[in-house]
Amino acid sequence: MSVIAIAFVLLLALILVLALSWYNVLVRGRNQVREAWSGIEVQLRRRASLIPNIVEAVRAYAQHERQTFDEVTRARSALQQAASTAETSAANHALGQALGRLLVVAENYPELRASDNFRHLQQELSDTEEKISFARQFYNRNALDYNNRIDVFPTLLVARLFNFGAVEFFDADEEGMAEVRVSFGPEKAAPERSPVPPAPSS
Amino acid sequence: MAEAPESVLVYTRIAANERKTRWLVAAFVVVLMPVVSAATTLAMPVITAVIIMVAARGLGPEQIFQRLMSIDVEVQAAQPSDGVMQLRDLPASFVWLTGGFLAVALIVVAIGFGAVTVFLVWRYGTRMLLRAVHARPVSEGEEPDLVRLVQNLCIGAGLPTPRVYVVESRAPNAFATGRHPNEACLVVTRGLLTLVNRRELQGVIAHELSHIGNHDTRLTMILAALVGTTSLPWKVALAPVRYAFRTNPVAGACSAFFFICVGWLLLNAFWSSLIYLASDELSQEVPPFMWWWIAHTLVAPVYALWVAPIASLVIRQAVSREREFLADADAVRLTRDPEGLALALAKIGAAGGERLRVGEGSVHLCIVDPHGGGSLLHRVFPSHPPVVDRLQLLAKMGSGLPEAALEAAIEAGRQLRQTSAAESESAALEKPSEQQVLAPTEGEDSTEDNTNGAHQPARSSIPLYEHPDGWSKVLAQLDENAALTPVGKVGNFVRVVTSDNVTGYVSASACLSALRQGSS
């Protein structure tokens, strides 16, 4: 009788310890996702702080393209106000497209393209785009890990018990990216640089 | 290679690699464990002799013999009547004596191995390695493209940005080192920077970052130190023979034969004398507990001198190859561009031959084998999988490799090999300036540029860019022999004025046969 009781207590303790460790795993995963998200936010802020400079630089040469400037400014403030992952994702997409149009406009002004300031800003922007895409990838990988943990058995039980919800992925804005890349993407704009023609990537 | 019959999931590759590595490391530990015991067998005669010499200071040889015989007498007195001696029948003095010698030998060997391992870890450590290859830290101002690329990939990999170093070597290679991701260093050679384009460089850097992220830097450093330690008995034993070989091969061969035979005989004589002491007389049956010793004596030298060093090396190389595949797969997960890494590997592989003098501890962290084979053993069990295998796997991860691109990459690498072979002769004359620091001084051409001049292989013309970057508008395609006047230097680009009075930028690596002519 007492043996059964002891075994029962031990089993209970074991389950408790396991549950605790699963809980910790989930909390750690959630914190990692948050940290990865803050990485995206850092890069988005970085780009947001570049945009006024770029707009000013273009405005100096192309005053009448008011509509394009407004669009970029609007998209930028929309991104800054976005709260959820999906909203941020969508706003980022819109901003990418607006920026792409702005840079297409800039293509028409040779003096603008030649100016050191604009060139520097453009380089910064393309670098930041790349940083955003890598930060997004890191976030999505962490989000995948975390979402998997929430959905698979043993941790599933703890997740349900303590309301660990799945996180959203930060979607790639493929069209927006492509459009921006056309104007100054390192690979596509400078095929001469590589002796090898870029392979068609999937 | 263009047609990939089945595609490989990156995640599957990674999981399989990690499982395999775990088994290999376990096998490594199993091989290592008896080494100390085997080496003790080897070292015990020497240590016993030293102890006897110290203990018998002031005693004549006869007295020593007397003492030893008294032990023998004691052992004989303990001989049981039925004739077969058991371990428990041995007199306490004998057990204490041999046991004490054994313990001392064990401690000495263990401490020796530990000290050697610690020394080798330090020797293969980051600082020594960076010093050995003359790596120079670069800032974002000096190499903006490279440093930014590293920073961006680190964001994707979730790693702290490592310090970036450049080695002014024409061998296209890259490696990572450092005990922990927080103190990691990433080293690329000038040859690599000039050979590959940005997309390919991204693949290479991602590969190295994966080594850092997977803690391969630490794993291989420790494995290298342990392999160095296991091969220590072999190296110590063979040092005189190797010396003889170097002076005279025939005498070396004779001395090796002599050394092996006499060494073996002496070792066995020592252990059989112990056996003789423990048994009554030679004619009598050997005590059963001594069989273990006899087997040990016969096997231990073979194990400690040959089996363990070779087995540990083979396993270490197998671990290394697995980690290379793993780093390739991880790099693809990071860049999502298997073709970029594949083309870089094709180029670097075709350009092979040039050596980079990195230490034993970091060979496994390079993108390709920096020693280009090395000794026979290293060629049979290479540290890196063949480039072709890696390319095939990478092709399966993506949508396959276009044949034309691959051929162009291989051709580019081959050209680098030919030109650098031709130039190493001429560069030998102006060696001192090879380490020249890239400074934004005017009129700088010299060896730095000369050596890199060859690295724009599959290209007959040089693009003249509007701005000092690789993707601004191309103002003109310059002929390789066009006369150019260098005006200044911005990062990797040289500001030049052409004969048509057009000002633009050319890649410092691209053009410099032209520059040399212009400035001379």
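**Exercise 1.** Find how many helices and strands chain A has, and the order in which they come.

*Solution.* Start with the count: chain A has 8 helices and 0 strands, where helices are DSSP runs of H or I with at least four residues and strands are runs of E with at least two, numbered from the N terminus. Then read along the sequence, and the pattern is α-α-α-α-α-α-α-α.

A word on the ground rules: this is a predicted model, in which local features need pLDDT of at least 70, side-chain atom pairs count only at pLDDT 80 or more, and totals for chains, interfaces and linings use all residues. Residues are numbered from 1 along each chain as written, chains are lettered from A and ligands numbered from 1 in written order, and side-chain values use heavy atoms, without hydrogens and water.

**Exercise 2.** Work out what share of each chain is buried.

*Solution.* Take chain A: 43% of its 202 residues are buried, meaning under 20% relative accessible area (1.4 Å probe, protein chains only). Now turn to chain B, where 50% of the 520 residues count as buried.

**Exercise 3.** Describe how helix 12 of chain B packs against helix 14 of chain B.

*Solution.* First, the geometry: helix 12 (residues 338-350) and helix 14 (residues 387-397) of chain B pack at about 165°, with axes 9 Å apart. That makes the two helices of chain B roughly antiparallel (angles over 145 degrees, on a scale from 0 to 180 between N-to-C directions, with axes fitted to C-alpha atoms over the stretch in contact). Next, the residues: Leu341(B) and Leu345(B) are among those of helix 12 that meet helix 14, whose side includes Leu391(B) and Leu394(B).

Terms used: Parallel < 35°, antiparallel > 145°, perpendicular 65-115°, else oblique. Contact = heavy atoms within 4.5 Å.
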